[in-house]
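Here are a few exercises to work through with the model open in your viewer. Try each task before you read its solution.

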Amino acid sequence: VSHHAPEESTAAHRARILVEALPYIRRFRGQIVVVKYGGNAMTDPALSQQFAEDVVLMHSVGIHVVVVHGGGPQIGDLLGRLGIKSEFRDGLRVTDAATLDVARMVLEGKVSSEIVSAINVHGPHAVGLSGADAGLIRAHPRHPELGFVGDVESVNPRIIERLLAEEFIPVISTIGADERGQAYNINADTVATAVAQAMRAEKLLYLTDVDGLLADVEDRSSLIRSITVPAVRAMMSSGALSGGMIPKAQACIDAVEAGVRSVHMINGTIPHVLLLELFTDEGVGTMITSGDAAADAMLGTAPSISEKANR
Ligand SMILES: Nc1ncnc2c1ncn2[C@@H]1O[C@H](COP(=O)(O)OP(=O)(O)OP(=O)(O)O)[C@@H](O)[C@H]1O
Ligand SMILES: [Mg+2]
């Protein structure tokens, strides 16, 4: 009967999408994937729900997901409401004691708990933890002028390993502590890289509020689909990057150099972008590779041998 035809084609289409996911599911099963969830990509509640669904789906097919979250805009909001002024240098927020308190309250108290709640609607999976918990992130001050902005000194991945072994989804707030217990506010991209390195992650995805690295930040159509580390460095020194993209680009470089096989910046404001990136043939965002042909080929990330045609 003719009126069944569109229904059948929809069903066939749905089935095809699931089948298309199969090789990716098999490939990522049992692998560690670190997802950095940017504060700018979580301002819409519908998106946050979809993010949670994606993370739970990844978890359900056997991927060991670790979420590292930011919260720049949310920290900015509360600072504004409290009348505390903020200043940025090279994309990092100068952090005095009052700002550190606010960053901590927002990251651990609000953003983390909201992500955890959204995931746990689907089952008792997510556990929120800060870098201070179980000595996860040891930090030291980055620069005297930046106050309590920290740099990662070391990551003790034991708590994450244990949570993953028990099939939990760790959700990490990027507050670190030094040996005396002093807390530091650390850029979330930097922490995501350090965690991915310590966990020997297969994949590191930075979800942000733009499609990826743009050749010209004013031109949203100037997306760079694939770029090498030397080319990112060249962009950094030419001034093509500003604000939060400066630490993010550095974090990408560090991750690639630390041997994370697959490093991508993707647009977290696209519904279900994680599923698109992981489980479909569609290419999304910017992939960062070492640019060393031998290394890229060995890692299977060279665009020419990539399984994703447009990368
Ligand atoms: N060349 C560039 N390409 C893409 N984005 C750029 C570029 N230069 C600067 N940016 C800016 O970097 C921003 C992304 O970094 P930002 O730190 O603001 O977000 P985030 O890291 O996703 O969130 P959070 O800091 O809360 O974790 C973009 O919104 C964009 O305005
Ligand atoms: Mg940022």
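**Exercise 1.** How far is an oxygen atom of ligand 1 from a polar backbone atom of Gly-72?

*Solution.* Start with the ground rules. This is a predicted model, where local features need pLDDT of at least 70 and side-chain atom pairs count only at pLDDT 80 or more, while totals for chains, interfaces and linings use all residues. Residues are numbered from 1 along each chain as its sequence is written, chains are lettered from A and ligands numbered from 1 in the order in which they are written, and side-chain values use heavy atoms, with hydrogens and water left out.

Now for the distance: 2.8 Å separates the ligand oxygen from the Gly-72 backbone atom. Next, look at Asp-209, where a side-chain N or O atom is 2.7 Å from an oxygen of ligand 1. Then try Met-245: here a polar backbone atom is 3.5 Å from a ligand oxygen.

**Exercise 2.** Which elements give two or more residues to the shell around ligand 1?

*Solution.* Pick out helix H3 (72-81), strand E11 (203-208) and helix H8 (245-257). These are DSSP runs, numbered from the N terminus: helices (H or I) have at least four residues and strands (E) at least two. Then sort the shell by class: nine residues are nonpolar, 10 polar and four charged. In this scheme Ala, Val, Leu, Ile, Met, Phe, Trp, Tyr, Cys and Pro are nonpolar, Asp, Glu, Lys and Arg are charged, and the others, Gly among them, are polar. Of the 23 residues around the ligand, the nearest are Lys-36, Gly-72, Thr-208, Asp-209 and Lys-248.

**Exercise 3.** Is Arg-200 buried or exposed?

*Solution.* First find Arg-200 in the loop between helix H6 (188-198) and E11. Then check the backbone: phi is positive, about 50°, although Arg-200 is not a glycine. Finally, Arg-200 counts as exposed because its relative accessibility is 74%; the cut-offs are under 20% for buried, over 50% for exposed and partly exposed in between (1.4 Å probe, protein chains only).

**Exercise 4.** Where is His-272 found?

*Solution.* Go to the loop between strand E13 (262-267) and helix H9 (273-279). His-272 also has a positive phi, about 60°, without being a glycine. With a relative accessible area of 28%, His-272 is partly exposed.

Key. Near = heavy atom within 4 Å. Polar contact = N/O pair within 3.5 Å; in protein donor to acceptor, adjacent residues only side chain to side chain.
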